[in-house]
Amino acid sequence: MSIAVAACPGGLYSPAEDTALSQSGAELRRSIESALLLPRETPASDTMTLLERTSAALRKGSEAEGVLVNVEPFGQMFDLLRVLPRDIPLPQIVVESEREIGLDWSEGSRRVLSLTIDDTPFIGFAALIGHESTHGRALFAGSLPKILAHLFFRLYPSETDAA
Amino acid sequence: MHWRAFRPKPTEQDLSIARIEALAVEGIWALGEQLAADSSRTVYGRADFNRPHVQAVSVAAFDAVPAPPPDRHAAIVGWPDDGNARKRACMELAAVAARHVR
């Protein structure tokens, strides 16, 4: 038996209403602003969706779990999202702890991938694709690690190039 | 049911579950609501699986064991310390569980 909790309603991010004045808030704002300058062509709707999901995750983490996540993982998250293949859909964003953000892709019960972003240069991963599962950590140095590229290729074979 | 529903908190070493053998469907839901009421939560659904499903997860020492009280309370134990390994275990278990919506 398992207990499911209804999802929180989506949140909206409005730069005009962002009154964060703390150092952490300013750094987060700069991360978001730089994310809007993605080198790859990113539809404005995708950017808004990403910001909405980030806002919703922050709210859920704060209200439901009492967790206020640090700003460093957000910068790492945006850096990673910049280098993803263009046609990979945006992930669901989950605040997992004060220093960890989860990025989830799910295309069925046996096609799931989750990345863990924290305040280190490493990206954690866990995946179940078909009957094969894996987990581990990969060093993120600005380009998509090969193991993650391979997992995205397995998850979205018709939309990505092999690493 | 999303695999995250199977994920214990990072600081916890077991996941509470309930033993439902020999219970009728309404009895299963009643048991769930009783357990949920203890923590002021609402039951929206459940995922059914057997002990061999748990033991088949690719984590050494992963198992489901009785853990009374209360009666029929059990726990999945043997969770690895590594968070990514925990996620992997959750994904494997969620994939074999039979889902039911309340």
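The predicted model scores ipTM 0.90 and pTM 0.78. For chain A the average pLDDT is 77, with 66% of the residues scoring at least 70. Among the elements of chain A, the lowest mean pLDDT, 57, belongs to helix H1 (residues 23–35), whereas S4(A) has the highest, 98. Over residues 1–18 of chain A, pLDDT stays under 50, and the model has 35 contacts beyond four places in sequence for this stretch. Where pLDDT is low, the predicted coordinates should not be read in detail. Chain B has a mean pLDDT of 92, and 100% of its residues reach 70 or more. Among the elements of chain B, mean pLDDT is lowest in helix H1 (residues 25–37), at 90, and highest in helix H3 (residues 83–96), at 96.

Chain A contains four helices and five strands. Along the sequence these elements follow the pattern α-α-α-β-β-β-β-β-α. Of the 163 residues of chain A, 44% count as buried. Among contacts in chain A with a separation of 6 or more, 48% come from residues 24 or more positions apart.

S1(A) and S2(A) pair in the antiparallel sense over five bridges, and a hairpin of two residues joins S1(A) to S2(A). Within this pairing, A:Ile93 stands opposite A:Leu103, and A:Ser97 stands opposite A:Glu100. S2(A) also pairs with S3(A), again in the antiparallel sense, over six bridges. In S3(A), A:Thr116 is the bridge partner of A:Gly102. The hairpin of S2(A) and S3(A) has four residues between the strands, and A:Gly108 in this hairpin takes a positive phi near 130°. Five of the seven residues of S2(A) are buried, so this strand is largely enclosed by the rest of the structure.

The largest nonpolar core comprises 32 residues, and those with the most contacts inside this core are A:Met77, A:Leu103, A:Trp105, A:Leu115 and A:Phe152. Two or more residues each are contributed to this core by helix H2 (44–65), helix H3 (72–83), strand S1 (92–97), strand S2 (100–106), strand S3 (111–117), strand S4 (122–129) and helix H4 (146–155) of chain A. Not counting residues up to four places away in sequence, A:Met77 touches A:Thr54, A:Ile93, A:Ile101, A:Leu103 and A:Ile117. A second, separate core has 24 residues, including B:Val54, B:Val57, B:Phe62 and B:Ala94. In soluble globular proteins, nonpolar side chains tend to be buried together.

In H4(A), the residues A:Leu148, A:Ala149, A:Leu151, A:Phe152 and A:Leu155 are buried. Seen down the axis of H4(A), the buried residues fall within an arc of 160°, so they line one face of the helix. An α-helix has 3.6 residues a turn, so residues three or four places apart point the same way. The buried residues of H4(A) are covered by elements that include S2, S3, S4 and strand S5 (132–139) of chain A. One of these buried residues, A:Phe152, is also among the residues with the most contacts inside the largest nonpolar core.

Chain B contains an open sheet of three strands in the order S1-S4-S3, with antiparallel pairing. Strand S1 (15–18) and strand S3 (63–66) of chain B stand at the edges with a single partner strand each, so one side of each is left without a neighbour in the sheet. From one strand to the next, the twist averages 35°. S3(B) pairs with strand S4 (residues 73–77) of chain B in the antiparallel sense over four bridges. In this pairing, B:Asp63 stands opposite B:Val77 in S4(B). Strands of a sheet pair through backbone hydrogen bonds, either parallel or antiparallel.

Notes. Residues numbered from 1 in each chain as written. Chains lettered and ligands numbered in written order. Predicted model: local features only at pLDDT ≥ 70, side-chain atom pairs only at ≥ 80, totals over all residues. Heavy atoms only, no water. Core = buried A, V, L, I, M, F, W, Y, C linked by side-chain atoms within 4.5 Å. Buried < 20%, exposed > 50% of the residue type's maximum accessible area, 1.4 Å probe, protein only. Contact = heavy atoms within 4.5 Å. Pairing = 2+ DSSP bridges. Axes fitted to C-alpha atoms, helices over the stretch in contact; angles between N-to-C directions. pLDDT = per-residue confidence, 0-100. Arc of directions from axis to C-beta.
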